[in-house]
Amino acid sequence: MHNAQVLTRGEAAATGPGRPVTLAPLKDDLPPEKRALAEDLRKVFLQLGVSVRRYAARRHLDASSVTRYLSGRVPPWDFVAGVIADVQEAQVPLTPQAEKALRDLHRAAQKSNRRSSEVQELQDRLAEADEETRRITTRQRALEEALLDREGRLARVRGECRNLESRIDEQGLTHRAEVNLWQGVYAELEEECGDLQEQVLYLQEALAVTRAELIAAEDRCHRLESRLETLQELGDSRPEDDAAPSIVALLEEADRRSSVPELVRAVGDLELRTRKAIASELVRSASQSRTVEEVAGLLAGLRQAGFDAHAQTALPAMVMTRSVDDTSALARELIREDLEDYVLILVQASVKFHQPEDVAAFATALHRVDLPQHAEGLLGAAAVVRPVADLVSVAHHLSAGEHGDAAVTAMTAAAAHRPVGDLVTLSIALRDACMEPVADALQRAAAERRPASHVAEFIRALSLHGLEQDAEAVFTRTQVRSVGYLTSFVLALEGWQARSVLWDAAASRPGDDLAVLISEFHLAGRAQFAASLLVRAVCTRDAGSVRELMTALVPMAPGAESVLRSASRSLPPAEAALLLVRLENYGLTGHADTVFQSTVHDELVGHAGHFITALAEAGSRYARQDALARYAGEMVVSTLAPLMLALDSASLGDHLDTIIRGSCLQCPVLDLRLLAKRLEAESSYGQRVERVERRVEYHVVRERSLDDLAALVGVLRSAGLTSQATRLTDEASVVHGRAFKERLAREETKHEQKVMSRSFWLSDRPRRRGKHA
């Protein structure tokens, strides 16, 4: 029954070509298991059609050992497997069922001999362990290559960093010297400012005394002039009371009885006499003592009379001397008189001269008189120019009053214009003062209004000062801003924060925005950011969103294809494989092809090997033999070297054989030479190159014609690939024997002149002319 199980597909050629083969009869005392194995093994051996002695010579075995194996001794499985392989090469392969039956018989025969059974079991386990070792060794070599590449890149980047550090140190020394120089100049100027400040105070006091003396002198002059005119005009009946009042009298009565028109007329009279300082003193004196309505009327009259300078001179003095309520009421009256620019002077004077509590009170008073925009202007200006301590005090007084939201207005202006260091100091001071809403408003305004680089600096400064929650809040708020801002923000960030922004954008931004971000990162030279954002979006979004994203990328510079190629080269193999599988599952075959070609054809061999391994584990069609063969068929044979090496790195020997059979068995011989040259150029991969070369040689020797083999040996030698030509010659000699050697000899001597040939002897003899020449 066992003989029926090992029938081959080539039973018609049971004894093969040539003479019939005879084998020694089996012993009668053989156990049943050994007899069954011997009978089936003999039947398979007869398919070869060669004698025992010839087969032993072919396999470098002892003929007596082969005879004993065929006569009943249980052979090692390697011998049985060798016979099966030779039968397959003889074009009469066993069916899978027959091969399995023969293996079962072998095991049964070994069980009859306990020692042989244990040896075979150990051999099987050793073979499995060896296979596992080779797989691990392959992966180790790939990892070592990737590690070597990354270490090289790291060394180059570190070298660049050291160069930059040296340049920074050099520039720092240069700028430090300049800073020291300017600090000395600054110290000298600061000392000079102190001296000038003292001189200004002295001169201001002297000016005030001089002005008083000038007023008294002007008054004496005026009285003397009046007396002189009186003496010259004796007999004039005009009452003395109708004479123009003296300057001293005007100044004395400015607080009491002089009407607004009289004051305006007096200012004009002094202006005509080029006594402008006295005119300004007159307006200032009247503004400090008159009612708000009268002051507003006086300022309006001066504006109509063309005396703006005197009016503007009086306003700052009013802010310093009048109450906050009077100042706010004056502001309202000035608005009614259409003198808004005077109100702005009041606001500026308040920012400059008022104490923090007065600034807060003035802002509140402006709200009461329905001037909220001027109150906001006052607080905004104070928030920008006043010290941080004053600003905190203003916010404190505002928060305790009826217009607490005005403090938020002040913080908004501070957030927009203050240096980042001031914002951090202000945040700490507001938290310490228990003004949490105001601090939140400050940080929110900074996140929403400041440039990306300032916000990134603000976040880092908050973290350095222990305000981690505040830094996180600013970081979260700023991510809702425009796409252009987000690009600059990511470029200004570092490490996990940049990745966090990218992942949040991939989850929440529309496809058009993501396309713009990816394009901007790619054009800015940050291909890693573009690749991370693309992979994150493709892996977390549904098919419709991914198609929308890829469609939006097509018309943008540099285009979807360039972005995918760049991403494929910068991503780790596992992430590149995940990107391809997602694109493949979503029906984006063209984009998936781009990722596959870029990774397999352009990248390092170890990288590409891990990439193909990841595709195979994911069940991608790109890792199937037919897909790889079709892809290889579209390429020039000489460019297949990286793909072949990658398949060897991935331990996909069957895939490699498929590509070799599909591309290397019908192509011109010159293409094989170019392929060998390309493999030789990858000598850094050592044994991997040699394994691929031997696989190519194995299939070429057995499938190509003798003429092609002889020609290939010649072109390899002419290209300087001596070792490959020698291996090919040895392999072809073993397989084809004398026929190949004769064909190779003819190929090597076909261009030589034969000594006995007619052309050799007649090559220099002139041709015989024709009869009619």
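Tutor: Buried means under 20% relative accessible area, exposed over 50%, and partly exposed in between (1.4 Å probe, protein chains only). In α29, Pro-573, Ala-576, Ala-577, Leu-579, Leu-580, Val-581, Leu-583 and Glu-584 are buried. This is a predicted model: local features need pLDDT of at least 70, side-chain atom pairs count only at pLDDT 80 or more, and totals for chains, interfaces and linings use all residues. Residues are numbered from 1 along each chain as its sequence is written, and side-chain values use heavy atoms, without hydrogens and water.

Student: What makes Glu-584 count as buried?

Tutor: Its relative accessibility is 18%. The limit for buried is under 20%, so the label holds.

Student: Why is the contact of Glu-584 with Arg-621 called a salt bridge?

Tutor: A salt bridge needs a side-chain nitrogen of Lys or Arg within 4 Å of a carboxyl oxygen of Asp or Glu. Here the closest N and O atoms are 3.9 Å apart, so the pair qualifies. Glu-584 lies in helix α29 and Arg-621 in the loop between α31 (605-618) and α32 (625-633), so the pair ties together parts 37 residues apart in sequence. Arg-621 is partly exposed, at 25%.

Student: What makes Asp-657 and Arg-695 a salt bridge?

Tutor: Their side chains meet at 2.7 Å, N to O. The pair links helix α34 (residues 653-663) with helix α36 (residues 687-703), 38 residues apart. Asp-657 is buried at 13%, whereas Arg-695 is partly exposed at 29%.

Student: How many salt bridges does the structure hold?

Tutor: The structure holds 22. Another pair is Arg-418 with Asp-422, at 3.3 Å. Arg-431, Glu-436, Asp-440 and Asp-470 are linked in a network of salt bridges.

Student: Why does His-60 count as exposed?

Tutor: Its relative accessibility is 74%, and exposed means over 50%, so His-60 qualifies. His-60 lies in the loop between α3 (52-58) and α4 (63-71). Its phi is positive, about 55 degrees, although His-60 is not a glycine.

Key: Helix = DSSP H or I, 4+ residues; strand = E, 2+ residues; numbered from the N terminus.
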